[in-house]
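Here's a quick tour of a protein model for you. Have a look at the sequence and the picture first, then we'll walk through it.

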Amino acid sequence: MHFLQAIGIGFMLGLGGLAISGDNAATRTAPAWPDTMLARVEALALLETLNASLLASHSATTTLDKWCADHKLASDPTIRARLVSGMEKPASAEQRQRLRIGETELVKYRRVELACGDHVLSEADNWYVPSRLSAEMNAILETTDTPFGRAVLDLKPIRQTFAVEIFWKPLADGWELGPPPADRPGAALTIPWRLFEHRALVYSADLQPFSEVNETYTSEILAFGPP
């Protein structure tokens, strides 16, 4: 039980409360996981692993590439950015302050779904400062499905996560202090579309911020099914 306690406490400590969102759950869901204690612990460990990997990485794209390949989610494990058109979210005053730019500096917005094959692993909002990127990088971002992290690799990006929010916990807070939830092996574990969210600033090698990202990780992270 000490191992299980360590897993639960490590993932849940200080990362926010439980929230359920069913925006896409009815139409885009991962394979069924059984509603058992073992499956909940496995899901908890997997989400903790991914969360820690993202926090330690300078590129969410690279981390998701590895996740996709390790869990064989697609024959081609390369992450693609599906551009979502028709959306516009101007940068707020707070975002401009974090990016260290004035009120008139141009900031562009890009909304994408980061997909591994048919699996959308993350939905990402990205605000970036074109003047701090090369002309080639700007062209790639405007005309292709290249993920942002891959497009700006030449800047040797440094990622700094400043906010994490957890939307779903396979086990409730304090689960290790009481009896385990009853196993229901014939029932499916309810996993919402939105699992957790990261907000981060991306800096160039000279520590100049050039992008702010808001990434929501989805239930398709677990689309390979229970181990």
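How many helices and strands make up the secondary structure of the protein chain? There are 6 helices and 8 strands, and keep in mind that this model is predicted. Going along the sequence, you'd read the pattern α-β-α-α-β-α-β-β-α-α-β-β-β-β.

**The chain overall**
- The protein chain has 227 residues, and 48% of them count as buried.
- Its accessible surface is about 11,100 Å², with 55% of that belonging to carbon and sulfur atoms.
- If you take the contacts with a separation of 6 or more, 74% are between residues 24 or more positions apart.

**The nonpolar cores**
- The largest nonpolar core holds 29 residues, and those touching the most other members are Trp33, Leu64, Trp168, Phe196, Ile221 and Leu222.
- Helix 2 (37-56) gives this core its largest share, 6 residues.
- Zooming in on Leu64, you'll find that its contacts include Leu50 and Ile79, plus Tyr217 and Ile221.
- Another core, of 10 residues, lies apart from that one, and Leu133, Met137, Leu141 and Ala151 are among its members.

**A look at Pro147**
- Pro147 sits in the loop between helix 5 (135-143) and helix 6 (148-151).
- Buried means under 20% relative accessible area, so Pro147, at 1% relative accessibility, counts as buried.
- Among the residues Pro147 touches are Thr61, Arg80, Arg110 and Leu114.
- Ile79 is another contact of Pro147; the two are 68 residues apart along the chain, yet their C-alpha atoms are separated by 7.5 Å.

Methods
Residues are numbered from 1 along each chain as its sequence is written. This is a predicted model: local features need pLDDT of at least 70, side-chain atom pairs count only at pLDDT 80 or more; totals for chains, interfaces and linings use all residues. Side-chain values use heavy atoms; hydrogens and water are left out. Helices (H or I, at least four residues) and strands (E, at least two) are DSSP runs, numbered from the N terminus. Buried means under 20% relative accessible area, exposed over 50%, partly exposed in between (1.4 Å probe, protein chains only). Contact means heavy atoms within 4.5 Å. Accessible areas come from the Shrake-Rupley method with a 1.4 Å probe; for residues, only the protein chains shown count as cover. A nonpolar core is a set of buried Ala, Val, Leu, Ile, Met, Phe, Trp, Tyr and Cys residues joined through side-chain atoms within 4.5 Å. Lists of a residue's contacts leave out its neighbours within four places in sequence.
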